[in-house]
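Hi,

Here is the structure I promised to pass on.

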Amino acid sequence: MFVCDYNILKTKYLKENKKTKDIEKQINKTRVIMNIQKIQQYKADFDLIVKTVKDDDGQEMDVWYARELQQVLGYSRWENFATAIGRAMQSCKTLGVNID
């Protein structure tokens, strides 16, 4: 017959649970760091291909050429990227964002 004290089991469970939570916190911290690094890399990649142009009012604005942006965003085929651009444009229109 197996007899075990509830408090011993509870203490053991809580210790294991704490270890698990500590591991989860470390994993989440690592994910945040990795996401920050990924964002910083994307920003650096975007900064490399940015062009500055003047609008009709003479104000400078940053633009990116779609073919260059396609590569930075990891699209190997233009057709797939053009589809994504179309979806983004439709979303902007739906939200009332001027895309012209």
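Below is what I found, starting with the overall layout and then going through the contacts.

A word on the basis: this is a predicted model, where local features need pLDDT of at least 70, side-chain atom pairs count only at pLDDT 80 or more, and totals for chains, interfaces and linings use all residues. Residues are numbered from 1 along each chain as its sequence is written, and side-chain values use heavy atoms, with hydrogens and water left out.

**Layout**

The protein chain has 3 helices and 2 strands, in the order α-β-β-α-α from the N terminus. Helices (H or I, at least four residues) and strands (E, at least two) are DSSP runs, numbered from the N terminus. Of the 100 residues, 6% count as buried; that word means under 20% relative accessible area, with exposed being over 50% and partly exposed in between (1.4 Å probe, protein chains only).

After helix 3 comes Gly-96, with a positive phi near 80 degrees.

**Aromatic rings**

There are 3 aromatic pairs in the structure. Rings of Phe, Tyr and Trp (its six-membered ring) pair if their centres lie within 6.5 Å; planes under 30 degrees apart are called stacked, over 60 edge-to-face, and the rest tilted.

Phe-46 and Trp-64 make an edge-to-face pair, at 6.1 Å centre to centre and 75 degrees between the planes. Phe-46 belongs to helix 1 (residues 6–49) and Trp-64 to the loop between strand 2 (60–63) and helix 2 (66–72), so this pair ties together parts that are 18 residues apart in sequence. Phe-46 is partly exposed at 23% relative accessibility, and Trp-64 is partly exposed at 35%.

Tyr-75 and Phe-81 form a tilted pair, with centres 5.1 Å apart and planes at 50 degrees. Phe-81 is buried at 4%, whereas Tyr-75 is partly exposed at 30%. Ring pairs link Tyr-75, Trp-78 and Phe-81 into a cluster. Trp-78 also has the charged end of Arg-67 over its ring, 4.1 Å from the centre (the rule: NZ of Lys or CZ of Arg within 6 Å of the ring centre and within 35 degrees of the ring normal).

**Salt bridges**

The structure holds 3 salt bridges, each being a side-chain nitrogen of Lys or Arg within 4 Å of a carboxyl oxygen of Asp or Glu.

- Asp-47 bridges to Lys-43, with the closest N and O atoms 2.7 Å apart. They are 4 residues apart in helix 1, about one helical turn. Lys-43 is exposed at 52%, and Asp-47 is partly exposed at 42%.
- Lys-51 pairs with Glu-68, the closest N and O atoms being 3.4 Å apart. Lys-51 is in strand 1 (residues 51–54) and Glu-68 in helix 2, so the bridge ties together parts that are 17 residues apart in sequence.
- Arg-77 bridges to Glu-79, again with closest N and O atoms 3.4 Å apart.

**Surface patch**

Met-89, Leu-95, Val-97 and Ile-99 make a nonpolar surface patch of about 360 Å². Patches are made of residues with over 30% relative accessible area and no salt bridge, with like charges joined within 9 Å and nonpolar side chains (Val, Leu, Ile, Met, Phe, Trp, Tyr) within 5 Å. The areas come from the Shrake-Rupley method with a 1.4 Å probe; for residues, only the protein chains shown count as cover.

Cheers
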